[in-house]
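Please read it with the structure at hand.

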Amino acid sequence: MRILVVGTGGVGSAFAAIAARRSFFDHCALADYDAGRSAAVVASLDDGRFSAHRIDASSRDDVVSLIRETQADAALNAVDPLFNVPIFDSCLEAGVTYLDMAMTLSEPHPDEPFELTGVKLGDYQFERAAAWEEKGLLALVGIGIEPGAADVFARHAADELFSEIDEVGIRDGANLVVEGYDFAPTFSIWTTIEECLNPPVIWERERGWYTTAPFSEPEVFDFPEGIGPVECVNVEHEEVLLVPRWVECRRVTFKYGLGDEFIEVLRTLHKLGLDGKDPIPVKGVEVAPRDVVAAALPDPATLGDRMSGKTCAGTLVTGTGVDGRPRKTYLYHVVDNEWSMREYGSQAVVWQTALNPAVALELLASGTWSGTGVLGPEAFPARPYLDLLAAYGSPHGVVELAP
């Protein structure tokens, strides 16, 4: 397999470090708008299977050209979802497998944003599924940690642990601390603003997809492995748009442990209009407010040395077990920042995200996973994924809770 990775920020560079320890691919081209950044990652690996390139991810022609130049079989989209459309379309045109870790962006309903969905996450991609099927190509969307491994957990629960599922509830929390900063997100602030300030989506069998107000329905969830209780709130996320397509259940939710301070910062950015994506004139220069916020904050990829604690992503499944009794199970994946920095030089959040497309690409390379069209992680058998996750040295965990 020959791979093209578009973007060598925190996740792209972490993916390269993870993949370098595996033998499933012949060549991996690392591409970035900043050619120096991709070159630096290649130099750090000292592995002849990697090469460095410059790319403009906003240009369909540029992406198609690099796919053909590098003779890629698969392209991993490791940039902000703002660029999903040109990369997704380029892979279809060039005839290669596409993977991303966040789907195409949503747009709130123009009249009732906190009740009805407008354009949903991934709508652009699913509307083009037939074209991918006709060409016999696969677009594997949402294959990071969340979405990604969390979706695999839902499929595993449906296949092996439950006879009937009431709710699939993604619960994400951490006890990470960044020393020396009053406010320092551990993941892309651009993406964080997008998912946290958009209306959260919930799915129910009888109602379909609907929305609520941001940060709604707070609950305290006790996360495993020493993280402890964290208040979680509704946040827009891809799992709610993916899980119901392949997993039989009654309800799907996503709740994120943000914390009061983080929520207040996001609300303030929104009040001031600093979450805006459209450029505005500033002293003769057109600039998007959200890009200014991102530029003013530290790069999450550089925070590892200042971080401590663990991050946990997981899927809380409730319903009836295969034995016919009520069951409540939390399937999860935890990464300790001290471990990921020591082993890979990557902070925990970006490393955890980057691990999963590496696992998926290895399954695709071996033929264990295969398919055509636009598919989420739930469309594939879960057991081979979980086994390979353990083989990578980072197995998932399971906690049984009182139903």
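Two strands are taken to pair if DSSP finds at least two bridges between them. Helices (H or I, at least four residues) and strands (E, at least two) are DSSP runs, numbered from the N terminus. The model is predicted, so local features need pLDDT of at least 70, side-chain atom pairs count only at pLDDT 80 or more, and totals for chains, interfaces and linings use all residues. Residues are numbered from 1 along each chain as its sequence is written, and side-chain values use heavy atoms, with hydrogens and water left out.

**Parallel sheet**

- Seen in order, E3-E2-E1-E4-E5-E6-E19 make up an open sheet of 7 strands with parallel pairing.
- Strand E3 (50-54) and strand E19 (373-375) are at the edges with a single partner strand each, so one side of each has no neighbour in the sheet.
- On average, neighbouring strands of this sheet are turned by 20° against each other, direction ignored.
- Strand E5 (residues 97-100) runs parallel to strand E6 (residues 138-140), and 2 bridges join them.
- Leu99 has Leu140 in E6 opposite.
- Packed on the sheet is helix H13 (residues 348-366), which touches strand E1 (2-6), strand E4 (74-77), E5 and E6; contact means heavy atoms within 4.5 Å.
- The direction of H13 makes about 160° with that of E5; axes are lines fitted to C-alpha atoms, for helices over the stretch in contact, and angles run from 0 to 180 degrees between N-to-C directions.

**Antiparallel strands**

- Strand E9 (residues 201-204) pairs with strand E10 (residues 208-211) in the antiparallel sense over 4 bridges, and a hairpin of 3 residues joins E9 to E10.
- Trp203 has Trp209 in E10 as its bridge partner.
- E9 also runs antiparallel to strand E13 (residues 251-256), joined by 2 bridges, with Glu204 opposite Arg251 in E13.

**Second largest pocket**

- The second largest pocket holds about 310 Å³ of space; a pocket is an open set of points on a 1 Å grid over the protein atoms alone where a 1.4 Å probe fits, with protein on both sides within 12 Å along at least five of seven lines.
- Lining residues, which have an atom within 4 Å of a point, number 14, and the closest to the pocket centre are Leu197, Asn198, His270, Asp275 and Arg290.
- Helix H8 (189-197) and helix H10 (260-271) each supply at least two residues of this lining, and H8 gives the largest share, 3 residues.
- By class, the lining has 5 nonpolar, 3 polar and 6 charged residues.

How values were computed:
Points joined across faces, edges and corners; volume = space filled by probe spheres on them. Nonpolar A, V, L, I, M, F, W, Y, C, P; charged D, E, K, R; others polar.
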